[in-house]
Amino acid sequence: MIKAPRQEQIGTIKKESPKKRAVDIARELGITRQRASQILRRLGYPPARLSRPKRYCANCGKRLSRQTAGNLCLACYRADLSSVNIELACPQCGKTFNRKKSYVIWARKEGQQHFFCSLSCRAEWMARHRRHSLKKEESHEDSISASRIDFIVFVPLGIVRKGD
Ligand SMILES: [Zn+2]
Ligand SMILES: [Zn+2]
């Protein structure tokens with residue numbers, strides 16, 4: 001397919017000076033602005049009023065992609081996230097405390113449901129809940145496994161007696 005000379009001319013102008021708008025090209029070639037933008041569209045250049053202004057990261061000044069929401073690049077957004085704390089309530093003592101938001105998001109993704117103010121609260125809570133879940137398991141167990149538990153309990157007693 002042979003390109004129309006007008007189209008070729010405009011294509012060359014755009015290649016040489018990409019910042020030229022349809023109105024500039026129209027003036028240069030003595031054609032209407034409508035005609036110039038029509039040819040530009042055909043050449044694959046988006047109309048000036050539709051091309052969004054370029055955005056830059058508010059922190060590092062890096063050019064942002066169109067998909068980026070907000071005013072930070074991904075790296076700065078992540079860094080920002082890691083400095084942001086999130087307030088949580090301890091399920092053991094009820095105290096509120098702060099954890100890094102990035103950590104909480106990561107831990108939740110990993111399946112963690114409870115966050116504790118301290119290791120001791122975590123240990124207490126775990127002990128309480130392990131006992132609860134054990135009790136639940138025991139009630140479902142039959143007499144055979146119950147006697148097995150008795151056996152395990154009696155073995156160390158027997159060793160202690162032998163040692164005496
Ligand atoms: Zn940035
Ligand atoms: Zn606590």
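Colleague: What makes the largest nonpolar core, and which residues are in it?

Modeller: Keep in mind that this is a predicted model. The largest nonpolar core has 6 residues: I10, A22, I25, A36, I39 and L40. A core here is a set of buried nonpolar residues joined through C-beta atoms within 7 Å, so these 6 count as one core. α3 supplies the largest share, 3 residues, and the elements giving two or more are α2 (22–29) and α3.

Colleague: Which residues does L40 touch, leaving aside its neighbours within four places in sequence?

Modeller: L40 is in contact with I10, A22 and Y45 on that basis.

Colleague: Why are α1 and α3 called roughly perpendicular?

Modeller: Helix α1 (residues 5–16) and helix α3 (residues 33–42) pack at about 80°, with axes 10 Å apart. The range for roughly perpendicular is 65 to 115 degrees, so α1 and α3 get that label.

Colleague: What meets what between α1 and α3?

Modeller: From α1 come R6, Q7 and I10, and they meet A36, I39, L40 and R42 in α3. By class, that contact has 4 nonpolar, 1 polar and 2 charged residues.

Colleague: How do you know that β1 and β2 pair, and in which sense?

Modeller: Pairing takes at least two bridges; strand β1 (residues 85–89) and strand β2 (residues 96–100) have 5, so they pair, in the antiparallel sense. As one example, N85 has K100 in β2 as its bridge partner.

Colleague: And what lies between β1 and β2 in the hairpin?

Modeller: There are 6 residues between the two strands, and G94 in the turn has a positive phi of about 85°.

Key. Residues numbered from 1 in each chain as written. Chains lettered and ligands numbered in written order. Predicted model: local features only at pLDDT ≥ 70, side-chain atom pairs only at ≥ 80, totals over all residues. Axes fitted to C-alpha atoms, helices over the stretch in contact; angles between N-to-C directions. Helix = DSSP H or I, 4+ residues; strand = E, 2+ residues; numbered from the N terminus. Parallel < 35°, antiparallel > 145°, perpendicular 65-115°, else oblique. Contact = placed C-beta atoms within 7 Å. Nonpolar A, V, L, I, M, F, W, Y, C, P; charged D, E, K, R; others polar. Buried ≥ 20, exposed ≤ 12 C-beta atoms within 10 Å, placed from the backbone.
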